[in-house]
Amino acid sequence: MTLVKTLLQTTVNAGRQMLSQPLSGLVEPKSTHGVLVPICSLGPQHRERMAQHLLALGSQDRYMRFGYMATDEQIQRYVDALDFGRDEIFGIFNRYLKLVALAHLAYSRDSQTGSCAEFGVSVQPQSRGRGYGARLFEHATMHARNAGVKMLFIHALSENIPMISIARKHGARVERDGSETEAYLLLPPADLDSQLTELVSEQFAQTNYAIKKQVNRFLDTLAEMQEIRQGVREARHQSAE
Ligand SMILES: CC(C)(COP(=O)(O)OP(=O)(O)OC[C@H]1O[C@@H](n2cnc3c(N)ncnc32)[C@H](O)[C@@H]1OP(=O)(O)O)[C@@H](O)C(=O)NCCC(=O)NCCS
């Protein structure tokens, strides 16, 4: 029943979004409540965009994200060292294919804690409060479940109200220890519903990304044509003078 409901809901939401506006899904919504957000699985080809996203974060955000004031070099090293074969990195792109939100689901390397994973996330300041952080958390939770993870771990500074609120709202046990807070979320085992939802949302995100890419290419071509036309016009003017 849940499976059918999820599938129907996902399809209806996607269809509604596609039909409501011609560029639906290409425009950043004010709130993601009840909206299907295209979340892409990222690979090595996205390293540059990931670095751009993280390097654009201010010092306070870097402190919140990494637990220390990461320098540009440390951020670059973090991005270069990302292991896409082991971990999962998710991103939300805007219509210009700029990465507005980025999440890292790091699977444990220790065989003793093999069924654990850690979640880290950042949303660019101008896109906050729309639910991207929460949507990425839900997405990562689903992937983690499907990968056999039993416990998801979130490390946050105690002053990080939005992150702690996301974790708490999704049922995590939150333990404050002075300036640091650890949150643990126990995950139920994967089922057909979680697996199918992952499949459908991945397909939706890929289609959305491909459309954005085509729209951008088309707009670039239009701009080039405009430039050529302008050049021809100016040349005509000059020869007429
Ligand atoms: C934490 C972060 C990812 C949240 O992203 P976001 O997209 O703004 O989060 P959401 O819109 O999903 O909001 C999450 C919750 O926090 C609440 N919230 C958001 N900003 C808030 C603020 N400044 N004060 C209080 N609550 C806030 C929202 O109301 C929401 O709660 P609700 O679901 O009960 O309404 C973002 O602030 C960020 O990138 N911070 C810097 C990096 C960081 O701290 N990473 C987390 C450590 S791993």
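User: Which helix gives the most to the shell around the ligand?

Analyst: Helix 6 does, with 6 residues. Helices here are DSSP runs of H or I with at least four residues, strands are runs of E with at least two, and both are numbered from the N terminus. This is a predicted model, where local features need pLDDT of at least 70, side-chain atom pairs count only at pLDDT 80 or more, and totals for chains, interfaces and linings use all residues. Residues are numbered from 1 along each chain as its sequence is written.

User: How many residues surround the ligand, and which are the closest?

Analyst: There are 22, and the closest are Met-64, Arg-128, Gly-133, Ala-134 and Pro-162. A residue is near if its C-beta atom, placed from the backbone, lies within 6 Å of the molecule.

User: Which elements give two or more residues to that shell?

Analyst: Helix 3 (59-66), strand 4 (116-123), helix 5 and helix 6 (161-169).

User: New topic. What about the largest nonpolar core?

Analyst: That core has 41 residues, and Phe-119, Leu-136 and Ile-154 are among those with the most contacts inside it. Its largest share, 6 residues, comes from helix 5 (residues 132-146). A nonpolar core is a set of buried Ala, Val, Leu, Ile, Met, Phe, Trp, Tyr and Cys residues joined through C-beta atoms within 7 Å; buried means 20 or more other C-beta atoms within 10 Å of the residue's own, with C-beta atoms placed from the backbone.

User: How much of the chain is buried?

Analyst: Of its 241 residues, 27%.

Technical notes:
Buried ≥ 20, exposed ≤ 12 C-beta atoms within 10 Å, placed from the backbone.
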